[in-house]
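Welcome! Here is a short tour of a few residues and their surroundings, written for someone meeting this protein for the first time.

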Amino acid sequence: MDKLLTSNWFVKIISFLLALMLYTIVAMPDASTSGGDGLLNPEGDSYPISDMKLQVLFDEEEVVVSELPETVDVIVEGRTDGVMISRMTNKEVYVDLRNLTPGQHLVTVKHRDFPENVDVTIDPARVSVTIEEKKSNTYQAGINLLKADALPEGYIAENPIVTPESVTVTGGASKLEQVAFVRGYVDVSNAKEAVNARVTLNVYDGNMDEIQGLTIEPAIVDVKVPISNPSKEVPIELEQEGELPEGTSISSISVEPEDVTVFGPSESLQKLEVLNGASIDLSKITKNTTLELDVPVPDGMTKVEPEKVKVNVTVSDE
């Protein structure tokens, strides 16, 4: 037995028998639909192929093509053995555009690598195609921030830093004319520090509808969105209400701390020089007193730190 297993002829015979069995199993459905004439029906058989990928031959460096269907339907007809071979072999349907000039053309769909003894019917047999000269333009890579209103209180997102700043868009001239924006999106919700992201870019027309069929180089850019919490230290200017009781006067008033930190938009902070609105009622002061005052938040600002200050009032006889 060991000698048989090591014999080349024995292995070849076993391989042939296995191949014949496999062929018989695969061919059984064809036999039942060919009138019972056996596995190899000389009267013919058919094999439909739905949505077969349409290959396109063209100069990808010089032109772009559009309007072609991605797939076609194919019917293979002929002797059962030829149809069976076509099931098991690699085959192709294609259009050859390599010798065509830019413009719109009606071209015939061809096939290859099918057995010679079968008929191949392709639907559609002819397809329309638009060929355009390939062109390129350079555009600024823009970044839109998502959920900026969901940043923590007082935090703002500054202008994104994009690397590289510009990208090259390539495609047919008619589509390039529609390009208005190259955009990517970064979510900054809940961020308290700079957001770093790798962002995929897309091409849009003036209505912000995405344009398909164009290539972007590079299609992915690095984006850094600085997140800041603008603030400014300003002194507190106390307001005084009422009058001191008769016979007393104020020797000194001090505030701890003297300056507070105000948080808010940078433009508003630039105009802020002093914080007003904190007041003491002199009519209630009869002796040396320490008061705790709430620090008001100026209009347009988000918060102040600290929220309370101590006011030390020293009085003396008038």
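Leaving aside residues up to four places away in sequence, V83 touches D45, S46, Y47, V76, E77, G78 and V118. The model you are looking at is predicted. V83 has its place in helix α3, and because its relative accessibility is 0%, under the 20% cut-off, it counts as buried. V83 also pairs up with a residue from another part of the sequence: N117 is 34 residues apart from V83 along the chain, yet their C-alpha atoms are 8.5 Å apart in space.

Let us move on to K91, which sits in the loop between α3 (80-88) and β4 (92-96). How far away is the nearest side chain of opposite charge to K91? That side chain belongs to D113, and it is 9.7 Å away. K91 is buried and has no salt bridge. Its contacts, not counting residues up to four places away in sequence, are I49, M52, S86, R112, D113 and F114.

Is E60 buried or exposed? E60 counts as exposed, because its relative accessibility is 51%, over the cut-off of 50%. E60 lies in the loop between β1 (45-57) and β2 (63-66).

| Residue | Relative accessibility | Class |
|---|---|---|
| V83 | 0% | buried |
| E60 | 51% | exposed |

Note on methods:
Residues are numbered from 1 along each chain as its sequence is written. This is a predicted model: local features need pLDDT of at least 70, side-chain atom pairs count only at pLDDT 80 or more; totals for chains, interfaces and linings use all residues. Side-chain values use heavy atoms; hydrogens and water are left out. Helices (H or I, at least four residues) and strands (E, at least two) are DSSP runs, numbered from the N terminus. Buried means under 20% relative accessible area, exposed over 50%, partly exposed in between (1.4 Å probe, protein chains only). Lys and Arg count as positive and Asp and Glu as negative; His and the chain ends are not counted. A salt bridge is a side-chain nitrogen of Lys or Arg within 4 Å of a carboxyl oxygen of Asp or Glu. Contact means heavy atoms within 4.5 Å.
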